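This briefing is intended for a reader who is new to the structure shown below.

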Amino acid sequence: MPAKKKVEKKENEVFTYKGKPLLRCENVLYYGNPEDKYIARFTVESSDDVMGLPVASRVTIDLMTNEGEERSKIIKQAERDGLYKALDIGCFWLEDALEHF
């Protein structure tokens, strides 16, 4: 059996999804560049236990402003079952908002 490689996390490493930063603070994930006009926020409302690990089962998605006096104003909101489905719609909303607004 081949030896397992040890994964080392660098001190200031930022995770990305489709080229944009994905940051987590407890049960909330923020997606997008901090200097952009819009960001997406994902709030894990509930999770299920799958083989001893918590897996998001209900996620709220918010497309929010990220500049000026209206910082954190919610533009769009939805709920999805599972983090993958939530990331899919949140990523689409963010790309669309950054292109058209």
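From the N terminus on, the elements of the protein chain follow the order β-β-β-β-β-β-α, where helices (H or I, at least four residues) and strands (E, at least two) are DSSP runs, numbered from the N terminus. The model is predicted, with local features requiring pLDDT of at least 70 and side-chain atom pairs pLDDT 80 or more, while totals for chains, interfaces and linings use all residues. Residues are numbered from 1 along each chain as its sequence is written, and side-chain values use heavy atoms, leaving out hydrogens and water.

**Sheet and helix**

- The six strands form an open sheet in the order 1-2-3-4-5-6, with antiparallel pairing; two strands pair if DSSP finds at least two bridges between them.
- Strand 1 (16-17) and strand 6 (74-80) each have a single partner strand and stand at the edges, so one side of each has no neighbour in the sheet.
- Strand 1 is joined to strand 2 (residues 20-25) by two bridges, and these strands run antiparallel.
- In this pairing, T16 stands opposite P21 in strand 2.
- Helix 1 (residues 83-100) lies across strand 1, strand 2, strand 3 (28-31), strand 4, strand 5 and strand 6, and runs at about 15° to strand 5. Axes are lines fitted to C-alpha atoms, for helices over the stretch in contact, and angles run from 0 to 180 degrees between N-to-C directions.

**Contacts and burial**

- Of the contacts (heavy atoms within 4.5 Å) between residues at least 6 apart in sequence, 35% join residues at least 24 apart.
- Buried residues (under 20% relative accessible area, 1.4 Å probe, protein chains only) make up 33% of the 101 residues in the protein chain.
- S57 lies in strand 5 and counts as buried because its relative accessibility is 18%.
- Not counting residues up to four places away in sequence, S57 touches S46, S47, D48, R80, D81 and G82.

**Largest pocket**

- The largest pocket has a volume of about 260 Å³; a pocket is an open set of points on a 1 Å grid where a 1.4 Å probe fits, with protein on both sides within 12 Å along at least five of seven lines. The volume is the space filled by probe spheres set on the points.
- Its lining residues (an atom within 4 Å of a point) are R24, E26, N27, L29, V44, S47, P54, V55, A56 and L83.
- Strand 4 (38-50) and strand 5 (53-65) are the elements that give two or more residues to this lining, and strand 5 gives the most, with three residues.

How values were computed:
Buried < 20%, exposed > 50% of the residue type's maximum accessible area, 1.4 Å probe, protein only.
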